[in-house]
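This report looks at one helix and its surroundings, then at a sheet with its covering helices, and lastly at pairs of aromatic rings.

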Amino acid sequence: MFFDRPESGELAVLVHLNLSHGQDAEDPREFEELVLSAGGDPVAFLTGSRIVPTAKFLISTGKLEELRQLVAEHKAELVIFNHTLTPSQERNLERELQCRVLDRTGLILDIFAQRARTFEGKLQVELAQLRHTATRLIRGWTHLERQKGGIGLRGPGETQLETDRRLLRNRITMIEQRLEKVRSQREQGRRSRQRAAIPTVSLVGYTNAGKSTLFNRITGSDVYAENKLFATLDPTMRRIELADIGAVVLADTVGFISHLPHKLVEAFRATLEEASNSTLLLHVIDSAAEERARNIEQVELVLEEIGAAELPQLRVYNKVDLLADTDPHIDRDDSGRPVAVWLSAQTGVGCNLLEEAISELLGKEVVSGCLVLTPTQGRLRAMLYTQQAVIAEDYRDDGASLLQIRVPKSDLLRILSAESIEFEQLLWADDVSAGQDLSGEL
């Protein structure tokens, strides 16, 4: 595609302004990490402050002159702004600096283009790139004239720019149709899991919080995990078994970032819907990050945007091995419900606490006790064994079986329904005397 970027590192001058007009300030350290993740080679960092950005260049003419000198001094091939530039600002800056200019949105799109591995991921990235590029096409075609006429070729014609815009619209429509098909396929998968009563747990969180490392630790998978921003782009799902719960689907999702471009949220709607339809969200947090509170706030904003803010959530404070005075533990609310788990996905300490907390949150309706079955209820006994609900078994003198069971109530109700037995009809060891004759019961 014409907007593909070279994989080699490029000499880049970075520009960051502290703007005081109501917008949340961007983090210059995170900006530099983004550039490094994209394969850039920062050679200079220009900073400044403005109350209101200028309409023509975003920066003042004085800063523009400083920037021109830095580009010439370092022979930079690229200037990257830690802000969103309008198409006209990009064109004006490129004309003045005589090099390529990129804004924060374009930088994140470039990283996503490098990380996409699956067919779906590549489609989503291309859609976001096309939408971003559609308003910037003119700078690539200003040297072209209206299509020339001639003998046998005269007519109204159209400019090359108009032709390209038409082709872009067609390509966007085609990609949207393909992603809509992917969306419907995901919806079918979710419905089938709901019918089978299999809960979905999604890992969400700020980029580079350690979601993929935690995913690999819990599932035993080898999903790509690296200490860089947006190492994971394509969603991955694995089925795991948890005590008292049974089968659970764990989903690893793309990381969030402050001021996540809306074009990306729209393009990744099919992927992000996986999180918005989860039974439980695991909000993975880098506990050692200085900007931890800000990152949590940004993730909450994205969750609200995709309609997942009201879902049950368990916070997972990762990387406790980097904290000197914190051991793995579970934080609980006044009712004893788990609200946060502190662990290290890298070393594995505390991961057992996470599984315990998930089981508690998903297994509210777990039935546990000593069930009394008559000799005529052999079929029910066999079904409980098939469900792996029986912990231990003993017998009474009258031939009754004493089954120590622990099973999700939904699974037990399904078994009882197949046997046409009401839950209230079950007999428990605590409810009957040792010598009671059960032959007439049930």
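## Helix 11 and its surroundings

Helix 11 is followed by Gly307, whose phi is positive, near 80°. The model is a predicted one, and the description below should be read with that in mind.

Helix 11 itself has 14 residues and reaches 20 Å from its first C-alpha to its last, close to the 20 Å expected at 1.5 Å a residue. Its buried residues are Asn295, Ile296, Gln298, Val299, Val302 and Leu303; seen down the helix axis, these buried residues fall within an arc of 165°, so they line one face of helix 11. An α-helix has 3.6 residues a turn, so residues three or four places apart point the same way. On the other side of helix 11, Ala293 and Glu304 are exposed. The buried residues of helix 11 pack against strand 5 (200–205), strand 8 (280–286) and strand 9 (313–318).

Asn295, which lies in helix 11 (residues 292–305), has a relative accessible area of 10%, and because buried means under 20%, Asn295 is counted as buried. Leaving aside its neighbours within four places in sequence, Asn295 is in contact with Tyr206 and Ala289.

Four strands form an open sheet in the order 13-14-12-15, with antiparallel pairing. The edge strands, each pairing on one side only, are strand 13 (390–395) and strand 15 (427–428). Strand 12 (residues 366–373) and strand 14 (residues 401–408) pair in the antiparallel sense over eight bridges, and the bridge partner of Val367 is Val407 in strand 14. Helix 13 (residues 378–386) packs on the sheet, where it touches strand 12, strand 13 and strand 14, and its direction makes about 150° with that of strand 13. Helix 14 (residues 409–418) lies across strand 12 and strand 14, running at about 125° to strand 14.

## Aromatic pairs

The count comes to two aromatic pairs.

| Pair | Centre to centre | Angle between planes | Arrangement |
|---|---|---|---|
| Phe31 and Phe45 | 6.0 Å | 90° | edge-to-face |
| Tyr317 and Trp342 | 4.2 Å | 10° | stacked |

Phe31 lies in helix 1 (residues 28–37) and Phe45 in strand 2 (residues 41–50), so their pair ties together parts that are 14 residues apart in sequence. Phe31 is buried, with a relative accessible area of 0%, whereas Phe45 is partly exposed, with a relative accessible area of 32%.

Tyr317 lies in strand 9 and Trp342 in strand 11 (residues 338–342), so this pair ties together parts that are 25 residues apart in sequence. Tyr317 is buried at a relative accessible area of 10%, and Trp342 counts as buried at 12% relative accessibility.

Terms used. Residues are numbered from 1 along each chain as its sequence is written. This is a predicted model: local features need pLDDT of at least 70, side-chain atom pairs count only at pLDDT 80 or more; totals for chains, interfaces and linings use all residues. Side-chain values use heavy atoms; hydrogens and water are left out. Helices (H or I, at least four residues) and strands (E, at least two) are DSSP runs, numbered from the N terminus. Buried means under 20% relative accessible area, exposed over 50%, partly exposed in between (1.4 Å probe, protein chains only). Contact means heavy atoms within 4.5 Å. The expected span of a helix is 1.5 Å times one less than its number of residues. The arc is that of the directions from the helix axis to the C-beta atoms. Two strands pair if DSSP finds at least two bridges between them. Axes are lines fitted to C-alpha atoms, for helices over the stretch in contact, and angles run from 0 to 180 degrees between N-to-C directions. Rings of Phe, Tyr and Trp (its six-membered ring) pair if their centres lie within 6.5 Å; planes under 30 degrees apart count as stacked, over 60 as edge-to-face and the rest as tilted.
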